[in-house]
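Hi everyone, thanks for coming. Let me put the sequence and the model up on the screen, and then we can walk through a few helices together.

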Amino acid sequence: NERIGIKVLIVEDDLMNQIVIKRFLEKRFDTIITDSSDNVPGILKSSKIDLILMDIAILGKMNGLELTTILKRSSEFSHIPIIAVTAHVFEADKVNALEAGCNNYLAKPFSKQSLIDMIGMTIDKSKQQS
């Protein structure tokens with residue numbers, strides 16, 4: 001159950017959700033939290049991030065999907081897997097997230113185990129592709 005040296009960037013503007021997700025992950029993963037899309041490029045430049053948990057409705061100039069699209073088009077960050085974590089649970093929202101370039105999609109509310117499983121699965125899959 002110990003940490004596996006994987007750093008997760010949590011892009012989430014709701015404080016309660018930040019606390020819950022951090023608590024879910026803190027024993028296994030290093031986490032960085034931001035509430036705004038504006039901060040993400042700087043964080044990615046200064047830290048080696050292995051995975052991004054991307055809320056769709058966030059603060060900043062872009063929403064989570066717009067930010068995902070830009071990251072996935074950039075040569076610098078396109079390799080970083082992104083899981084959309086959102087309360088938008090309609091099929092269209094899932095399709096939009098995947099079309100924007102999200103590697104996976106997790107609807108809120110979710111259990112600790114489903115989040116940890118999803119992160120593990122997404123990281124394994126991205127390693128196979130690189």
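Are H3 and H4 roughly parallel or roughly perpendicular to each other? Before I answer, a word on where this comes from: it is a predicted model, where local features need pLDDT of at least 70, side-chain atom pairs count only at pLDDT 80 or more, and totals for chains, interfaces and linings use all residues. Residues are numbered from 1 along each chain as its sequence is written, and side-chain values use heavy atoms, leaving out hydrogens and water.

Back to the question: the axes of H3 (residues 64-73) and H4 (residues 91-100) come within 8 Å and cross at roughly 25 degrees. Axes here are lines fitted to C-alpha atoms, for helices over the stretch in contact, with angles from 0 to 180 degrees between N-to-C directions. H3 and H4 are therefore roughly parallel to each other, a label for angles under 35 degrees. In contact terms (heavy atoms within 4.5 Å), Leu65, Thr68, Thr69 and Lys72 of H3 meet Asn96, Ala97 and Ala100 of H4.

Now over to H5, residues 112-129. Its buried residues (under 20% relative accessible area, 1.4 Å probe, protein chains only) are Leu115, Ile116, Met118, Ile119, Thr122, Ile123 and Ser126. Looking down the axis of H5, these fall within an arc of 160 degrees, so they line one face of the helix; the arc is taken from the directions from the helix axis to the C-beta atoms. Their cover includes helix H1 (15-25) and strands E3 (51-54), E4 (82-86) and E5 (104-107).

Methods:
Helices (H or I, at least four residues) and strands (E, at least two) are DSSP runs, numbered from the N terminus. The expected span of a helix is 1.5 Å times one less than its number of residues. Buried means under 20% relative accessible area, exposed over 50%, partly exposed in between (1.4 Å probe, protein chains only). Angles under 35 degrees count as roughly parallel, over 145 as roughly antiparallel, 65 to 115 as roughly perpendicular and the rest as oblique.
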